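Biologist: I am new to reading protein models, and I would like to go through this one with you step by step. Could we begin with what lies inside?

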Amino acid sequence: MDRDWATPLDLDAVAAHAGYSRFHFLRAFKQVYGLTPGQYLSRRRIERAEELLRTADLSVTEICWLVGFGSLGTFSARFKKQTGLTPSDYRKRHVGRGAGLIPGCYALLWSGGFKSFEGREGEGPEKEAGKGDGTGPGDRNRGEGGSSAGCLR
């Protein structure tokens, strides 16, 4: 869960990977961590959101989706419950205490927020080299080899 915090949690798969039934895993996890797996994952996602709010020039909605929440309302409510501030108030309080904000497009590249072009109709590895195979300048998902001109303001 610490590694794949931005992806949806499949509790049955996590429990099976640990070699437990779903219900035994829930009991054991809560006994060790003091939280259910869902609560633990939510806490990790909020921690990542705090970091992005302090460092990246992304909207609250973009951050909500990046850290794995499916609803802006749920994200805002859980964020406020954990930090005592709304995401916008948190940003206002913490921005300006360090370096300037990282442009949003760079933050998205770093976090994998751009979806891969592979698998879209008409693109993919079967096409000519450098088009959709992750090696050419047009592959925004990797953040390598491409031009950052579109990212500059």
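Biologist: Which residues touch the most other members of the largest nonpolar core?

Modeller: This is a predicted model, in which local features need pLDDT of at least 70 and side-chain atom pairs count only at pLDDT 80 or more, while totals for chains, interfaces and linings use all residues. Residues are numbered from 1 along each chain as its sequence is written, and side-chain values use heavy atoms, leaving out hydrogens and water. A nonpolar core is a set of buried Ala, Val, Leu, Ile, Met, Phe, Trp, Tyr and Cys residues joined through side-chain atoms within 4.5 Å, where buried means under 20% relative accessible area, exposed over 50% and partly exposed in between, with a 1.4 Å probe and protein chains only. Of the 18 residues in the largest such core, those that touch the most other members are Ile63, Val67, Phe75 and Phe79.

Biologist: Which helix supplies the largest share of this core?

Modeller: Helices are DSSP runs of H or I with at least four residues, and strands are runs of E with at least two, numbered from the N terminus. At least two core residues come from each of α3 (37-55), α4 and α5 (72-83). The largest share, five residues, comes from α3.

Biologist: Is Trp65 buried, partly exposed or exposed?

Modeller: Trp65 belongs to helix α4, which covers residues 60-66. Leaving aside residues up to four places away in sequence, Trp65 touches Gly70 and Ser71, a contact being heavy atoms within 4.5 Å. Because its relative accessibility is 48%, Trp65 counts as partly exposed.
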